[in-house]
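Please read the following explanation alongside the sequence and the three-dimensional view. It moves from the strands to the aromatic rings and then to the nonpolar core.

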Amino acid sequence: MAFEGLSERLQAVMQKLRGKGKVSESDVKEAMREVRLALLEADVNFKVVKDFVKGVTERAVGQEVLKGLNPAQQVIKVVNEELTQLMGGEQSKLVQANRPPTKIMMVGLQGAGKTTTSGKLARFLTKQNRRPLLVAGDVYRPAAIKQLQILGQDLKTPVFSLGDQESPVKIAQQGVEQAKQENYDYVIIDTAGRLHIDGTMMEELKQIKEKIEPDEILLVVDAMTGQDAVNVAQSFHRELGLTGVVLTKLDGDTRGGAALSVKAVTQCPIKFVGLGEKTDALEPFYPDRMASRILGMGDVLSLIDKVQAEVDQEKAKEFAEKMRTQTFSFDDFLEQLQQVKKMGPLEDMLSMLPGAGQVKGLKNLQVDEKQLGRIEAIIRSMTPKERMQPEIINANRRKRIAMGSGTKVQDVNRLLKQFDDMKKMMKQMTAMTKGGKRKKGGMGGFRLPFMR
């Protein structure tokens with residue numbers, strides 16, 4: 001999970017501060033020593049760490065903080081604000097040209113995920129009701145053009161290509177011309193990468209830049225390479241004048257050094273982050289939300305965005321009403337399960353809840369993704385009548401369902417019991433909203449079927 005190691009260390013430091021009634025200057029300096037070590041271990045640039053700690057310390061030992069009503073909370077607020085500023089302060093959106101198409105040039109080293117990210121960006125724009133055109137400009141890497149064409153087919157996004165015999169400069173120029181003629185909103189040019197930075201590659205990229213005059217030059221870098229990613233960003237920015245950075249594989253980067261260093265070192269904002277392999281796993285980067293997540297304050301806004309993007313709001317209301325009236329069936333449950341799966345790993349969603357890392361049981365909670373598949377198989381092995389009326393499922397029916405789903409009778413029994421418990425829980429909650437009191441014992445240790 002992104003920033004996992006750093007997040008745990010910083011949250012522990014902040015928790016120690018919260019435990020103090022009064023906070024002295026020496027308490028702040030001690031906390032900053034621990035923050036400094038945590039950031040260095042996370043592979044954050046040394047100068048960035050030095051400036052960050054200095055900035056926080058100067059603000060945190062001020063009279064208005066230490067003499068305030070809640071000094072510990074004030075210090076944490078300062079850390080949160082400085083962390084936000086370190087990563088760019090506010091969201092940096094894609095530029096939009098005065099006259100379409102907006103020209104986006106994707107650059108980077110080989111293996112950073114440039115072609116895949118170009119496809120993800122096209123999908124992101126399509127969901128914003130924009131019309132993007134992809135341009136296959138990587139004529140050197142074997143199958144790069146084919147890869148982009150396959151992505152285009154999957155995303156229902158057109159791909160402009162002249163094959164691998166034309167020059168990338170000509171391909172870029174003609175791609176932009178086609179985008180103009182066919183009234184596309186955006187044109188995304190996937191350029192060639194190299195295994196390392198070299199003069200020939202840079203010269204070619206400079207020629208493309210000169211000919212098409214892009215509105216955005218986005219560098220795609222692998223977040224897991226840490227300071228190497230920052231060094232690559234510096235080199236590209238010096239030669240091309242980048243407008244933004246896309247950090248890929250952030251979901252696998254437990255340290256977070258690149259995300260915390262790249263803006264401060266290069267002055268180039270992080271515009272997007274890649275959080276998985278699927279084509280929808282590209283998200284705008286919000287420095288304030290990321291700072292809150294790192295400090296364990298949650299990221300409710302991103303969670304709301306994710307839910308709104310993936311969940312059918314009308315069906316959600318319908319399901320809520322069925323839950324309230326206890327008329328929901330296994331069909332409804334299956335439909336909701338599929339919508340939840342669309343939103344990505346459930347652990348990631350839980351991590352967006354404020355204080356999730358501090359709640360006993362939630363911190364080490366694991367979601368068994370295989371169990372989701374088993375539940376789906378069990379429900380699909382039921383007859384329509386059984387899904388509507390699970391109470392009719394006797395011993396013989398349970399055996400048949402288990403055989404049909406490739407599971408054990410115990411698995412079927414467990415799901416039926418959990419489904420029944422869920423209905424009982426909803427009944428209790430409905431009674432509470434009508435003025436009834438919760439029975440002693442709360443939810444009775446109820447756990448969702450996919451929790452370990």
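Within strand β6, V245 is the bridge partner of L219. This contact belongs to the parallel pairing of strand β5 (residues 216-222) with β6, which extends over 5 bridges; two strands are said to pair if DSSP finds at least two bridges between them. Between β5 and β6 the chain passes through helix α10 (residues 227-240), and this β-α-β crossover is right-handed. The term right-handed applies if, with the strands pointing away from the viewer, the path from the first strand over the helix to the second runs clockwise. Helices (H or I, at least four residues) and strands (E, at least two) are DSSP runs, numbered from the N terminus.

The model is predicted: local features need pLDDT of at least 70, side-chain atom pairs count only at pLDDT 80 or more, and totals for chains, interfaces and linings use all residues. Residues are numbered from 1 along each chain as its sequence is written, and side-chain values use heavy atoms, with hydrogens and water left out.

V245 also stands opposite I270 in β7. Strand β7 (residues 270-274) runs parallel to β6 and is joined to it by 3 bridges. How far is β6 (residues 244-248) enclosed by the rest of the structure? The strand is largely enclosed, because 5 of its 5 residues are buried. Buried means under 20% relative accessible area, exposed over 50%, and partly exposed in between (1.4 Å probe, protein chains only). In a regular strand the side chains alternate between the two faces of the sheet. In β6 both faces are covered, with G244, V246 and T248 buried on one side and V245 and L247 buried on the other.

Strand β1 (residues 102-107) is likewise largely enclosed by the rest of the structure, since 6 of its 6 residues are buried. One face carries T102, I104 and M106, the other K103, M105 and V107, and all are buried. β1 runs parallel to strand β4 (residues 186-190), with 5 bridges between them, and T102 stands opposite Y186 in β4. β1 is also parallel to β5 and joined to it by 4 bridges; here M106 stands opposite L218.

The aromatic rings come next. The structure holds 2 aromatic pairs, where rings of Phe, Tyr and Trp (its six-membered ring) pair if their centres lie within 6.5 Å, and planes under 30 degrees apart count as stacked, over 60 as edge-to-face and the rest as tilted. F124 and F272 form an edge-to-face pair, 5.1 Å centre to centre with 75° between the planes. This pair links distant parts of the chain, F124 in helix α6 (residues 114-127) and F272 in strand β7 being 148 residues apart. F272 counts as buried, at 4% relative accessibility. The pair of F330 and F419 is stacked, because the ring centres lie 4.0 Å apart and the planes are at 20°. It joins helix α15 (residues 330-342), which holds F330, to helix α20 (residues 409-433), which holds F419, across 89 residues.

The largest nonpolar core has 74 residues, and F236 and L260 have the most contacts inside it. Such a core is a set of buried Ala, Val, Leu, Ile, Met, Phe, Trp, Tyr and Cys residues joined through side-chain atoms within 4.5 Å. Helix α5 (residues 71-86) gives the most to this core, with 7 residues. The core lies between domain 1 (4-90 + 298-304) and domain 2 (102-285), because both give residues to it; domain bounds come from an automatic or database domain assignment.
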